[in-house]
Amino acid sequence: MTLQQIRSSRFAIVLVAAVLCFANVAQAGPPLICHTIEIGQAKSLPWISHNWNLSGGENYDTKNLVRDTLEILSPSTPVLVRMETLRRATLYARKDPVAAKELLARLHARATSAESSGHADALAWFDAGYLAETYKQWIGQNLPHMTDGMRLDPNPAAGVDGYALVKKAIGLRGSDPQMEFAAALITLSDPQEEHRQHALRAIAGAKTDSLLAQNLASHFIGPQSQTMSEILAKNSPLK
């Protein structure tokens with residue numbers, strides 16, 4: 001195979017993945033998985049991969065997934081970093097159903113424990129809810145050409161309303177444009193009016209949040225795709 005053929009083959013793989021991801025933007029599907037959240041130099045789970053190669057660090061031991069994820073999700077960790085960390089955790093969790101189930105259980109237990117003690121933790125509820133929604137978009141899903149040969153284990157988040165938990169987190173947190181951005185991504189397909197409100201608040205908040213502004217200006221996948229702000233607006237006119 002010539003160098004030109006190799007390059008053409010790689011481009012074809014990237015193009016197929018991009019088309020498949022973008023085709024599902026209007027559905028409650030891959031957007032939480034396909035789109036990388038910009039986090040600057042912040043620490044997250046190890047990831048050595050291109051956007052279209054959803055495998056991460058090939059040598060990462062998923063036995064450490066729960067410990068590593070919980071360590072990163074400290075009270076000082078920004079919401080955008082939490083989103084990217086939970087995205088990576090979901091991709092790894094598909095390879096390890098035991099770790100997948102334990103991680104969701106631990107995050108939910110952390111949130112309920114804090115609330116039972118009289119100190120409801122908005123970030124803890126956000127983590128549990130956002131992870132549930134990312135799980136539902138990836139674990140157990142059979143997406144042609146993206147998940148061929150991957151495990152199809154039962155989804156531990158089945159029946160969990162992650163969006164309701166994220167809304168609860170927003171209620172506890174108060175004004176948080178980064179959480180609004182997360183909620184807007186979750187509701188890309190519906191409910192439309194709630195999506196519109198989340199998107200409006202995220203875009204307004206980006207005026208004073210440079211990292212959020214960078215994420216809204218980023219392309220969904222590849223330079224030829226729409227920006228995230230364009231996608232949010234297209235799915236629900238921001239008027």
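Predicted model: local features only at pLDDT ≥ 70, side-chain atom pairs only at ≥ 80, totals over all residues.

Modeller: Residues are numbered from 1 along each chain as its sequence is written, and side-chain values use heavy atoms, with hydrogens and water left out.

Biologist: How many helices and strands are there in the protein?

Modeller: Helices (H or I, at least four residues) and strands (E, at least two) are DSSP runs, numbered from the N terminus. Read along the sequence, the pattern is α-α-α-α-α-α-α-α-α-α-α. The count is 11 helices and 0 strands.

Biologist: What percentage of the residues is buried?

Modeller: Buried means under 20% relative accessible area, exposed over 50%, and partly exposed in between, with a 1.4 Å probe and protein chains only. Of the 239 residues in the protein, the buried ones make up 49%.

Biologist: What share of the contacts with a separation of 6 or more comes from residues 24 or more positions apart?

Modeller: A contact means heavy atoms within 4.5 Å. Among contacts with a separation of 6 or more, residues 24 or more positions apart account for 70%.

Biologist: What span does helix α5 reach from its first C-alpha to its last?

Modeller: Helix α5 covers residues 97-116, which is 20 residues. The expected span is 1.5 Å times one less than the number of residues. The expected value is 28 Å, and the helix comes close to it, reaching 28 Å.

Biologist: Within what arc do the buried residues of α5 fall?

Modeller: The buried residues of α5 are Ala-99, Ala-100, Leu-103, Leu-104, Leu-107, Ala-111 and Ala-114. Seen down the axis, they line one face of the helix, because their arc (taken from the directions from the helix axis to the C-beta atoms) is within 135°.

Biologist: Which helices do the buried residues of α5 pack against?

Modeller: On the other side of α5, Val-98, Lys-101 and Ser-116 are exposed. The buried residues pack against α3 (65-72), α4 and α6.

Biologist: How many salt bridges are there?

Modeller: A salt bridge is a side-chain nitrogen of Lys or Arg within 4 Å of a carboxyl oxygen of Asp or Glu. By this rule the count is 14.

Biologist: How many residues apart are Asp-127 and Arg-82?

Modeller: The side chains of Asp-127 and Arg-82 form a salt bridge, at 2.8 Å from N to O. Asp-127 belongs to helix α6 (residues 122-138) and Arg-82 to helix α4 (residues 79-93), so to speak of distant parts of the chain is to speak of a separation of 45 residues.

Modeller: Arg-88 and Glu-84 meet in a salt bridge of 2.8 Å, N to O. Both residues are buried. They are 4 residues apart in helix α4, which means a separation of about one helical turn.

Biologist: Which residues do salt bridges with shared partners join into one network?

Modeller: Another salt bridge is that of Asp-153 with Arg-151, whose closest N and O atoms are 2.5 Å apart. Salt bridges that share partners join into one network Arg-82, Arg-110 and Asp-127.

Biologist: How many aromatic pairs are there?

Modeller: Rings of Phe, Tyr and Trp (its six-membered ring) pair if their centres lie within 6.5 Å; planes under 30 degrees apart count as stacked, over 60 as edge-to-face and the rest as tilted. By this rule the count is 3.

Biologist: Why is the pair of Trp-47 and Tyr-92 edge-to-face?

Modeller: The ring centres of Trp-47 and Tyr-92 are 5.2 Å apart. Trp-47 lies in the loop between α2 (31-34) and α3, and Tyr-92 in helix α4, so the pair ties together parts that are 45 residues apart in sequence. Both Trp-47 and Tyr-92 are buried. The pair is edge-to-face because its planes stand at 65°.

Biologist: At what angle are the ring planes of Tyr-60 and Tyr-92?

Modeller: Tyr-60 lies in the loop between α2 and α3, and the pair with Tyr-92 in helix α4 ties together parts that are 32 residues apart in sequence. Tyr-60 and Tyr-92 are both buried. Their ring centres are 4.5 Å apart, and the pair is tilted because the planes are at 35°.

Biologist: Which ring has the charged end of Arg-87 over it?

Modeller: A charge sits over a ring if NZ of Lys or CZ of Arg is within 6 Å of the ring centre and within 35 degrees of the ring normal. The charged end of Arg-87 is 5.8 Å from the centre of the ring it sits over, that of Trp-47.
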